[in-house]
Amino acid sequence: MPIILSVNGQKHSIDNAAADVPLLWVLRDMVGMTGTKFGCGVGLCGACGVLIGGQRFFSCQTPLRAVIGRDVTTIEGLGDDPHGAALQQAWEEVDVVQCGYCQPGQLIAACALLKANPRPDDAAIDEGMSGNLCRCGTYPRIRKAVKLAAGGGR
Ligand code: FES
Ligand code: FES
């Protein structure tokens, strides 16, 4: 029986997928949303982050069965969220991105952070973004962009 998955406000019928397959592979291979990246595969890098009900989860560690009936937001849908749109604009203004690979996960984490704390100080930003690694070292620009977006997303 197909599993109905809600991604970025759209329903997708997922056929022939085991209920315990990681959401990451469903998103990338079955839904065609390749913005969500595979990094470590073990919950350590944050590249695979998505929002589920407004909270950040690592999709490499989230089985398909856990998101049945819940709304999943990927980087492709982030601009429809007020905080997400403000963050995307700030990311451009600050010119955060280097190679870009980690950035979808960084933006998802930043969006979850602003939803929980719309005016984070440096410590709160560091704490909120601590699950995301960037091999290019864009951390100072990420912090600057999160600050810029804070207040613009309300
Ligand atoms: S790929 Fe999921 S946390 Fe690294
Ligand atoms: S921008 Fe290259 S890994 Fe973060």
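This report describes the fold of a single chain in a predicted model.

Residues are numbered from 1 along each chain as its sequence is written. Local features of this predicted model need pLDDT of at least 70, whereas totals for chains use all residues.

**Overall form**

The chain contains five helices and five strands, taken as DSSP runs numbered from the N terminus (helices H or I, at least four residues; strands E, at least two). Their order from the N terminus is β-β-α-β-β-β-α-α-α-α. For 154 residues, a compact globule would have a radius of gyration near 15 Å, and the chain agrees, with 15 Å; the radius is taken over C-alpha atoms, and the globule rule is 2.2 Å times the number of residues to the power 0.38. Along its principal axes the C-alpha trace spans about 45 × 30 × 20 Å.

**The sheet and its helices**

The five strands form an open sheet of mixed pairing, in the order 2-1-5-3-4; two strands pair if DSSP finds at least two bridges between them. Strand 2 (10-14) and strand 4 (55-58) are the edge strands, each pairing on one side only. Strand 3 (residues 49-52) and strand 5 (residues 71-73) run antiparallel and are joined by two bridges. Leu51 has Thr73 of strand 5 as its bridge partner.

Two helices pack on this sheet, as tabulated. Contact means heavy atoms within 4.5 Å; angles run from 0 to 180 degrees between N-to-C directions, with axes fitted to C-alpha atoms, for helices over the stretch in contact.

| Helix 1 (residues 23-31) | strand 1 (3-7), strand 2, strand 3 and strand 5 | about 90 degrees with strand 1 |

Conventions:
Chains are lettered from A and ligands numbered from 1 in the order in which they are written. This is a predicted model: local features need pLDDT of at least 70, side-chain atom pairs count only at pLDDT 80 or more; totals for chains, interfaces and linings use all residues. Side-chain values use heavy atoms; hydrogens and water are left out.
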